[in-house]
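Dear colleague,

Please find below the structure that I am handing over to you. My notes on what was found in it follow directly after.

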Amino acid sequence: MTAATQPDLTDEFTLPRYRMVELLRDKYKIADERVLDAMARVPRHYFVPEAIRHQAYKDNALPLALGQTISQPFIVARMTELLELKGDEKVLEIGAGSGYQTAVLALLARKVFAIERLEQLAAEANTKLRSLGFRNITLKAGDGTNGWDAYHPYDAILTAAGGPEIPIPLVLQLKPGGKMVIPIGADQRSQRLCRIVRTERGYTQEDLGPCAFVPLIGEHGWNK
Ligand code: SAH
């Protein structure tokens with residue numbers, strides 16, 4: 001563990017958080033104990049808007065500021081599990097939003113670089129992650145569809161917004177054998193969750209079923 005987030009057994013959200021983890025295990029069949037442990041440790045209520053804090057551990061996505069959403073806990077767990085992190089990885093996250101997924105990744109990998117398009121969300125996420133004691137996260141505002149060249153290659157990339165096709169700069173910034181999970185589709189109704197594995201000369205692609213994410217807006221995504 002590189003972050004300061006310890007299980008807090010005192011707050012009113014402890015029980016709902018453990019129930020959320022039980023649901024991830026029993027209903028959604030999340031099997032990676034490290035992922036379940038990280039989800040049990042990160043205070044999700046801290047990342048959702050104050051007015052809906054009491055809903056933080058419900059089994060659904062929740063609205064964030066500026067029309068964005070914090071993904072359903074199951075989606076966070078599933079995407080994270082698909083990256084098969086062991087603890088020593090350098091991870092790139094596109095679409096950090098509230099910073100919740102960023103925190104989960106930071107408990108499971110050595111270092112997380114994260115990009116969020118909207119300045120306000122990036123600033124709020126940075127403040128929260130810092131106040132929780134995370135020291136292995138570097139988060140900036142910007143267009144993540146170009147990746148973050150300065151720190152590549154990455155062992156894993158998680159993209160939490162959906163584009164029309166695989167952004168090639170992201171594939172190029174993966175190590176051979178590195179994995180990326182990303183929603184792809186012509187519109188929100190036809191999005192599919194994809195896992196890419198970088199090979200020496202190209203990449204392989206797996207289809208992991210339907211999903212619904214906010215649009216990935218940028219040079220290698222949608223233009224609005
Ligand atoms: N994982 C986030 C989910 C946020 S929703 C969470 O747990 O809160 C997806 C985010 O992707 C939105 O905040 C949106 O602003 C952001 N986004 C969309 N296009 C982007 C791009 N090109 N680069 C970086 N972030 C982007």
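**Overall form of the chain**

A compact globule of 224 residues would have a radius of gyration near 17 Å, and the protein chain has 16 Å, which agrees. Please keep in mind throughout that this is a predicted model. The C-alpha trace of the protein chain spans about 50 × 35 × 35 Å along its principal axes. In secondary structure, the protein chain has six helices and nine strands.

**The ligand and its surroundings**

Where does the ligand sit? The ligand is found in the largest pocket. Its shell consists of 27 residues, and the closest are Ser98, Glu116, Asp143, Gly144 and Ile217. Several elements each supply at least two residues of the shell, namely β2 (69-70), β3 (90-94), α4 (100-108) and β4 (111-116).

- Serine 98 has an N or O atom in its side chain at 2.7 Å from an oxygen atom of the ligand.
- Glutamate 116 places a polar side-chain atom 2.6 Å from an oxygen atom of the ligand.
- Arginine 117 takes part through its backbone, where an N or O atom lies 3.1 Å from a nitrogen atom of the ligand.

How much of the accessible area of the ligand does the protein cover? On its own the ligand has 580 Å² of accessible area, and the protein covers 100% of this.

**Two points in the backbone**

Two loops deserve a look when you inspect the model. In the loop between β5 (137-141) and β6 (154-159) lies proline 153. The peptide bond that leads from histidine 152 to proline 153 is cis, with omega near 5°.

The other loop connects α1 (14-26) and α2 (33-41), and lysine 29 lies in it. Although lysine 29 is not a glycine, this residue has a positive phi of about 60°.

With kind regards

Definitions and conventions
Residues numbered from 1 in each chain as written. Predicted model: local features only at pLDDT ≥ 70, side-chain atom pairs only at ≥ 80, totals over all residues. Heavy atoms only, no water. Near = heavy atom within 4 Å. Polar contact = N/O pair within 3.5 Å; in protein donor to acceptor, adjacent residues only side chain to side chain. Areas by Shrake-Rupley, 256 points an atom, 1.4 Å probe, with all protein chains shown as cover. 1 Å grid on protein atoms, 1.4 Å probe; cavity = no way out; pocket = protein on both sides within 12 Å on 5 of 7 lines; lining within 4 Å. Sits in = over half its atoms within 2 Å of the grid points. Helix = DSSP H or I, 4+ residues; strand = E, 2+ residues; numbered from the N terminus. Rg over C-alpha atoms; globule rule 2.2 N^0.38 Å.
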